[in-house]
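I opened my notebook to go through one structure, entry by entry. Here is what I looked up.

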Amino acid sequence: RTSTDRLFSVEMASKLGDEIKDNALSGLSEQYDLAGFSPAWIQDLVTGCLGQTLSAKTYVGCKFVIGGGKKARGKYDPDMLKHFTEALRGAGFEDDRGASACKECMGAYKYQHDTDQDLKYLHVFPKVDLSAAAAEAAGDGAGGAGGDAGPTSPEYQCVACTLEEFQDLVAMNTPSFSQKRSLLKRMKVMQSALEMLESMLCEQQTLTEQEQEMYDSMVDVEAKIEHLNKELEKMVAKGRLTKGEQKQMVDDLAKKLEEMDVAIATADAEGKAKKRDALEAAKKKAEDKVTHISEFKPIVYTMANEKELNDLRRELAALEKIENKSGLLKGDDLAKLAKKPNVEKRIADMEGEDKGWFEDECRDVLFTPAAAKPA
């Protein structure tokens, strides 16, 4: 394969892999359509996701559409079953026709040909770690703005405070749609951790000191998530989105619309009129949302002290050019270079000033390329 093909393969597999991991963390067993997937993409999907132990809320199964009858045949690699099962066996999976989403069936797969829908499926039951969500939220994994989801991370602060304090924290530290969305994702991980700890207590398992401390500190998590969702809905309704956020939302909705089309076709084939009508209504609502988002003029955020920062970055670039000159430097050049440590310190100080939560993570959709890219 060419390097371009390889990069595209990894990107496609990575996107689907991220969706599978997010669903596993929420305890969701979902269906995924592999139309257009090549053998290379399948291998990357297994290597980068399915072959790993996933953090999960409960045991999950992944139902992959891998082929179909005459109408769907051209959309799928005719040898997809062969390529997929070979990749899974290479990752330690075993064929088990009676497999289901349970502890005993982790690392198994099974093939199904649904003659009613005329579709072919491969059910995959990945290995999962049910304690990982709690461990990750408690600080063993990647977390908030700075990395660890420990007591000082944004999400830990948010679950440990009162609802009123939480509302103030959100208003002060997540002014944009994407920052609120990033916090919501982390809050859901914390919610999964809380549910896991509650489950452990119900089973009369002893919590570690760290787990007990985390459990005792969590306050009104469900209400806080509900508040965040409402805030996000308000921003969409009022068009408070940047150009990057608009594109991200429209892309997400387009993906949902594709999934709805498949579900509508399935409901048609099964003769489920009520289900089809409900799906059609949901599709219309999603289409209206796309139109609504596109109608608004994007808002523009600017970075604090942006002009001064850009001036300092240009000055630093000029100083580095002098520093990299060949030969001996003149007195004037040495005098200019003496300022370099102060310029670097000022840039570092300004870049750390008044940052909202997750600003670096959301930079690509928050700011224009000219503003976001250092000189």
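**Entry 1: two loop residues**

I began with Gln-204, which sits in the loop between helix H8 (177-202) and helix H9 (209-217). The model is a predicted one. I looked up the backbone angle next. Phi of Gln-204 is near 60 degrees, a positive value in a residue that is not glycine. Is Gln-204 buried or exposed? I found a relative accessible area of 73% for Gln-204, so I wrote down "exposed".

I then checked Asp-220. Asp-220 lies in the loop between H9 and helix H10 (221-237). Phi of Asp-220 is near 50 degrees, again a positive value in a residue other than glycine. Asp-220 has a relative accessible area of 44%. Exposed needs over 50% and buried needs under 20%, so I put Asp-220 down as partly exposed.

**Entry 2: a charged patch**

Which residues form the negative surface patch with Asp-220? I listed Glu-164, Glu-165 and Asp-168 beside it. I followed up Asp-168, which is found in helix H7 (residues 163-173). Asp-168 is partly exposed, at a relative accessible area of 47%.

**Entry 3: the sheet**

I turned to the strands. Strands of a sheet pair through backbone hydrogen bonds, in a parallel or an antiparallel way. I found an open sheet of five strands here, in the order S1-S3-S6-S5-S4, and its pairing is mixed.

Six of its seven residues are buried, so I noted S3 as mostly covered. Strand S1 (residues 31-33) pairs with S3 in the parallel sense, over three bridges.

How many bridges join S3 to strand S6 (residues 119-125)? I read six, and these two strands run antiparallel. I looked up two of the pairings. Cys-62 has Val-124 in S6 as its bridge partner. Gly-68 stands opposite Leu-119 in S6.

**Entry 4: salt bridges**

Side chains of opposite charge can pair when their charged atoms come close. I searched the whole structure and found 15 salt bridges. I looked at some of them in turn.

Glu-19 and Lys-255 meet through their side chains in a salt bridge, at 2.5 Å from N to O. This pair links distant parts of the chain. Glu-19 is in helix H1 (residues 3-25) and Lys-255 in helix H11 (residues 243-270), 236 residues apart. Lys-255 counts as partly exposed, at 38% relative accessibility.

Arg-181 and Asp-252 form another salt bridge, at 2.7 Å from N to O. Arg-181 lies in helix H8 and Asp-252 in helix H11, so the pair ties together parts 71 residues apart in sequence. Arg-181 is partly exposed at 27% relative accessibility, and Asp-252 is partly exposed at 31%.

My last pair was Arg-276 and Asp-268, whose closest N and O atoms are 2.8 Å apart in a salt bridge. Which residues share one network with Arg-276 through salt bridges? I noted Asp-268 and Glu-280, joined through shared partners. Arg-276 is partly exposed at 25% relative accessibility. Asp-268 is also partly exposed, with a relative accessible area of 46%.

Technical notes:
Residues are numbered from 1 along each chain as its sequence is written. This is a predicted model: local features need pLDDT of at least 70, side-chain atom pairs count only at pLDDT 80 or more; totals for chains, interfaces and linings use all residues. Side-chain values use heavy atoms; hydrogens and water are left out. Patches are made of residues with over 30% relative accessible area and no salt bridge: like charges are joined within 9 Å, nonpolar side chains (Val, Leu, Ile, Met, Phe, Trp, Tyr) within 5 Å. Accessible areas come from the Shrake-Rupley method with a 1.4 Å probe; for residues, only the protein chains shown count as cover. A salt bridge is a side-chain nitrogen of Lys or Arg within 4 Å of a carboxyl oxygen of Asp or Glu. Lys and Arg count as positive and Asp and Glu as negative; His and the chain ends are not counted. The place of a charge is taken as NZ of Lys, CZ of Arg, CG of Asp or CD of Glu. Helices (H or I, at least four residues) and strands (E, at least two) are DSSP runs, numbered from the N terminus. Buried means under 20% relative accessible area, exposed over 50%, partly exposed in between (1.4 Å probe, protein chains only). Two strands pair if DSSP finds at least two bridges between them.
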